[in-house]
Amino acid sequence: ANKHWKLPPQGVLQGNGSGPAIWSILSSCIFQILREQHCSNKIRSSIRGLLLDLIGFAYVDDTDLLHLDNTVEDVVCYMQRKLNTWNDLLRVTGGILAPSKCWWYLVTFHYIAGKWKAVQPE
């Protein structure tokens with residue numbers, strides 16, 4: 001190890017060509033654990049009618065978590081639980097969330113006159 005490092009680096013490191021493949025495997029495992037801890041949403045696909053477990057999406061080193069629920073309070077509660085679990089599992093791998101790259105949006109919809117419309121949360 002380099003004597004100038006306070007702690008030796010962990011993980012795949014920036015620029016490693018195998019990084020995207022490793023992240024794909026790692027994030028799939030984290031998503032599976034979240035599914036087992038009932039952190040997913042059950043949604044039905046519109047074309048085939050398949051019931052899907054949806055937690056979020058991951059691409060390269062970017063992850064979007066989501067939660068669908070009836071009340072703002074439930075969304076906030078479940079998203080915080082999901083985020084805490086994601087963070088804990090990421091830390092086990094040697095990773096860490098970068099707060100400067102983390103943010104969230106609350107989006108609410110109401111069914112008005114036969115159409116779904118985005119509205120300001122109450």
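Let's start where two helices meet: H1 and H2 cross in a right-handed way. Keep in mind that this is a predicted model.

What does each helix bring to the meeting? From H1 come Trp 23, Ser 27, Ile 30, Phe 31, Ile 33 and Leu 34, and on the H2 side they meet Lys 82, Thr 85, Trp 86, Leu 89 and Leu 90.

Several of those names turn up again in the largest nonpolar core, which has 10 residues in all: Trp 23, Ile 30, Phe 31, Leu 34, Cys 39, Ile 55, Leu 65, Trp 86, Leu 89 and Leu 90. Both H1 and H2, the helix spanning 72-92, supply at least two residues each, and H1 gives the most, with 4.

Take a closer look at Trp 23, one of the core residues. Setting aside neighbours within four places in sequence, Trp 23 is in contact with Ala 58, Val 60, Asp 61, Thr 63, Trp 86 and Leu 90. Ser 27 also sits in H1, which runs over residues 19-36. Is Ser 27 buried or exposed? Its relative accessibility is 4%, so Ser 27 counts as buried. Not counting residues up to four places away in sequence, Ser 27 touches Ala 58 and Trp 86.

Now hop over to strand S1, residues 41-44, where you'll find Arg 44. Arg 44 has 55% relative accessibility and therefore counts as exposed. Leu 54 is 10 residues from Arg 44 in sequence, and their C-alpha atoms are 10.0 Å apart.

Last stop: Gln 120, in the segment that follows strand S6 (115-119). Gln 120 has a relative accessible area of 70%, which means that this residue is exposed. Phe 109 lies 11 residues away from Gln 120 along the chain, with 8.4 Å separating the two C-alpha atoms.

Note on methods. Residues numbered from 1 in each chain as written. Predicted model: local features only at pLDDT ≥ 70, side-chain atom pairs only at ≥ 80, totals over all residues. Heavy atoms only, no water. Buried < 20%, exposed > 50% of the residue type's maximum accessible area, 1.4 Å probe, protein only. Contact = heavy atoms within 4.5 Å. Core = buried A, V, L, I, M, F, W, Y, C linked by side-chain atoms within 4.5 Å. Left-handed = near helix turned anticlockwise from the far one by under 90°.
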